[in-house]
Amino acid sequence: MTAKEQIGLDRRRGLDGSRILLGVTGSIAAYKGADLASRLTQRGALVDVVMTGSALEFVTPLTFRSLTHRPVVTRLFDVESESSMEHIALAESSDVIVVAPATADLIAKAANGLADDLLTCILLATRSPVVLAPAMDGYMFENPATQENLARLLSRGYIVVGPEEGRLASGQVGKGRLADVADIIGAIGLALGRNGDLAGRSVLVTAGGTQEPLDPVRRLTNRSSGKMGYALAEAARDRGAGVVLISAPTGLRPPYGTQMIPVTTAQEMMDAVARQAAETDVLIMAAAVADYRPSFAADNKIKKSGKAMTLVLEETPDILMEAKALGLIKVGFAAESQDLVVNARQKLEKKGLDLIVANDITAEGSGFGSETNRVTIIHRGGKMEELPTLMKSEVAHQVLDRVVALVSARPKGKG
Ligand code: CTP
């Protein structure tokens, strides 16, 4: 039995189990569409690829077929196809349609309701959300015609991701590069989340290890990578929540479609949480907040003195304790190296949490920097659930499943 089967995961959640129609148009960035198709398939999505005639000049259907393990459709009237109404079927069966790369020509056709090939017919026929990832020459993108077309599509609910600034195929530096594939996947998650079980709710996530300055070059910090918090922010976005991510420094890319508030110290994190709390339904404290900071931070670099040095530390504010009286749903994390359950239960009680997610940092496949985590979720009433080792993205969905159950008992409104 796989870990997923063990926990009874058979529903569609986020990208996993979703049906995505990927339209690829004729841009040099079409090869990046292959990376996108591959990553979406790896994330458990069923990807149907539709290529325009000019896309065929850049990449072959075989590339996409090999990556998605599904037929690739290229023509509106395909005699070999089972149904002459294929475009209607594809338009209706997809949870989301993404066009990446989207040329200026495709954008112009979509904005004007033209339907002279399979992809434009699908765009006209669909009622599913549409994500466009433009890629073109910088002057073509800047042209008022393209800008007006995009504005029209945005006003009809299309999600437009990118383009990014950078070096273009023409050699010119400008705005026209296809968005990073991670951001396109984020935009797809955002689109899928429109009907998610956290739609209309606001979730505040903290992530990363805070850094407490000792002098202008040195800081006290910990080994948190921020991956668990970022996975939670992405999973909440993919389920429809409005997400604010308060993050201590990490090496991670800010998740697309979330509001990111960068902070450094425990105090800054607490102030940011306090500012956001009134607008929030759920607070998830995945950050590894430093418990102590130097009681004095030097203005200048501390010099070697040839003698031993004693650091005096003072306690930082406890963010969850400060949030105790707030009527939010509160989820804490407990990273422990001994007496996991006893320590986690004590924290849950002391900090007035609804849930605590406990993990043994000494266990294999768990803890700092790892892509996976093995956690025990403890509920306020005492219920305890031990989960198998899972990808952090899956742990995030497991935690959110419990949050959804708590949230659905409350009226909407804050978010
Ligand atoms: N936490 C917090 N503010 C702090 C320290 C921790 O809000 N100053 C939060 C963490 O984000 C986590 C939970 O409290 O969700 C438990 O953190 P942990 O460091 O394990 O607990 P502590 O209360 O600091 O206990 P100890 O370090 O003694 O284990």
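The legends below describe close-up views of a predicted model. Local features need pLDDT of at least 70 and side-chain atom pairs count only at pLDDT 80 or more, while totals for chains, interfaces and linings use all residues. Residues are numbered from 1 along each chain as its sequence is written, and side-chain values use heavy atoms, with hydrogens and water left out.

**View 1. The shell around the ligand.** The ligand is surrounded by 13 residues, where a residue counts as near if one of its heavy atoms lies within 4 Å of the molecule. Met285, Ala287, Asp291, Lys347 and Lys351 are the closest. By class, the shell holds seven nonpolar, two polar and four charged residues; Ala, Val, Leu, Ile, Met, Phe, Trp, Tyr, Cys and Pro count as nonpolar, Asp, Glu, Lys and Arg as charged, and the others, Gly among them, as polar. At least two shell residues come from each of α12 (319-322) and β17 (329-336). Helices (H or I, at least four residues) and strands (E, at least two) are DSSP runs, numbered from the N terminus.

View 2. The side chain of aspartate 291 has an N or O atom 2.7 Å from an oxygen atom of the ligand. For the side chain of lysine 347, the distance from an N or O atom to a ligand oxygen is 2.7 Å. In lysine 351, a polar side-chain atom lies 2.8 Å from an oxygen atom of the ligand. The ligand taken alone exposes 570 Å², of which the protein buries 78% (Shrake-Rupley method, 1.4 Å probe).

View 3. In β9 (residues 202-207), six of six residues are buried, meaning under 20% relative accessible area (1.4 Å probe, protein chains only). Ser202, Leu204 and Thr206 lie on one side, and Val203, Val205 and Ala207 on the other. β9 pairs with β12 (residues 242-247) in the parallel sense over six bridges, with serine 202 opposite glycine 242. Four bridges join β9 to β14 (residues 282-285), also in parallel. Valine 205 has isoleucine 284 of β14 as its bridge partner, and threonine 206 has methionine 285.

**View 4. The eight-stranded sheet.** Eight strands form an open sheet of mixed pairing, in the order β13-β12-β9-β14-β17-β18-β20-β21; two strands pair if DSSP finds at least two bridges between them. β13 (259-262) and β21 (384-386) are the edge strands, each with a single partner, so one side of each has no neighbour in the sheet. From one strand to the next the twist averages 15°, with axes fitted to C-alpha atoms and angles taken from 0 to 180 degrees between N-to-C directions.

Key: A polar contact is a pair of N or O atoms within 3.5 Å; within protein, one must be able to donate a hydrogen and the other to accept it, and residues adjacent in sequence count only if both atoms are side-chain atoms. Buried means under 20% relative accessible area, exposed over 50%, partly exposed in between (1.4 Å probe, protein chains only).
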